[in-house]
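Dear colleague,

I am handing over the structure below, followed by notes on what was found in it. Please read the notes with the coordinates open.

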Amino acid sequence: MKRLIIACSIALILPACNNKKPSTSTQGFVQVQNGRLAIDEKPYYFIGTNFWFGAILGSEGQGGNRERLTKELDFMKSIGINNLRVLIGADGYPGQEVKVMPTLQLEPGVYNDTIFDGLDYLMAELGKRSMYAVLYINNSWEWSGGYGQYLNWAGKGEVPKEGVRDWIKFQAHVAQYANCDECKILFFNHIKHILGRTNPYTGLKYTDDPVLMSWQVGNEPRAFSTEAKDAFAQWLAETTALIRSLDAKHLISLGNEGAMGCENDLELYERIHADLNVDYITIHIWPKNWSWIDTANIPGSLGIAIEKTNAYLNAHLEIAKKLNKPLVIEEFGFPRDHHLYSRSDPSKARDQYYENIFRQVVASSDHKGLLAGCNFWAWGGFGQPAHTYWKPWDDYVGDPSQEEQGLNSVFDTDSTIETIRTFTAELK
């Protein structure tokens, strides 16, 4: 019966998916024109960041700090950052050691309104500064609930206690998600609730707000098994169809990592991004996680990391050309020179790694290329790490609670700031 409900609901929304051009004004909205991002028919290329905790920081509950939020946004704007990738909110009750706090969706359809209010406030503040947001809804990883929480709600058991640290168990558990009809229903209801929201600070429905660049299905959605590939692709297509039926103005993206997020299957990557409801394609690049660097000699292994990064980017740009869709490198991180988590550890190798990506974005803007922009992972700003792993209520930095605080964060005092400032000034 649940399969039938889903099939019928998707069938009902498909006619709306054919209307790719909204009938109402999209002035000020980020759009795709001739395979390139544009705002009011002017090309849009950007160097942005990941600011996953923005909605929490904007709240007036636990973890909220509006004074810090406005300070962070002003500083980002001053160095040329105008595009932020933000988590709408975490799922489930706090409690699992690695899950971020506070959460948004406590139970299916039951919300912590302080986090919604924080997101509303963040969006209003972005609008004041002519900044744009990519809002992602789901997550394949346990640090914000995501796949594992939906499986739990659907009666499929709890996420393995060690999470990704017990990779074999974790992968086997979350691989159930693609075929979980109950999970789909719960997630689709969540999407409908979010897209129906009106921001009290601006008076705008989210579906009418030009500050939003893109709705994004999730953070690094994966099939997690060869057997689940078809179901994974179907779930993504059903999700983008639903979003399109509810919002004809905004861009839609998947949040996928590329081949590494598709069981190393570039054909699957192309297939999921060929969807007419997907407006631009994404990749993530993680030299440390993918063993492209030697953490005992980060500066010495920088060259091979850059070489592999460029090869990975170029392979996916070929697909972007085939599909004639813009490509965004929306996650990439790099540790400090000595793999320490302290603000005092130099970041010269990271600066050079970033420079390689930034330079290619600038070159793309010069030649109206398909590489539309990048969002480095992640913004730490004025945050001060207090422990190796996050504890309530330490400052939020760019590293979620399952990672060492300071591992990939860019702080206000880092030399990386000048690298960012230099290249944002060159964008056309």
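Serine 253 is buried, its relative accessible area being 0% (buried means under 20% relative accessible area, with a 1.4 Å probe and protein chains only). This is a predicted model, in which local features need pLDDT of at least 70 and side-chain atom pairs count only at pLDDT 80 or more, while totals for chains, interfaces and linings use all residues. Residues are numbered from 1 along each chain as its sequence is written, and side-chain values use heavy atoms, with hydrogens and water left out.

Leaving aside neighbours within four places in sequence, serine 253 is in contact (heavy atoms within 4.5 Å) with Ser214, Trp215, Gln216, Val217, Tyr280 and Thr282. With serine 214 there is also a side-chain to side-chain polar contact of 2.9 Å, a term that covers a pair of N or O atoms within 3.5 Å, one able to donate a hydrogen and the other to accept it.

A search of the whole structure for cavities of 30 Å³ or more finds 2, a cavity being a set of points on a 1 Å grid over the protein atoms alone where a 1.4 Å probe fits but cannot get out, with lining residues having an atom within 4 Å of a point.

Best regards

Conventions
Buried means under 20% relative accessible area, exposed over 50%, partly exposed in between (1.4 Å probe, protein chains only). On a 1 Å grid over the protein atoms alone, a cavity is a set of points where a 1.4 Å probe fits but cannot get out, and a pocket is an open set with protein on both sides within 12 Å along at least five of seven lines; lining residues have an atom within 4 Å of a point. Grid points are joined across faces, edges and corners, and a volume is the space filled by probe spheres set on the points.
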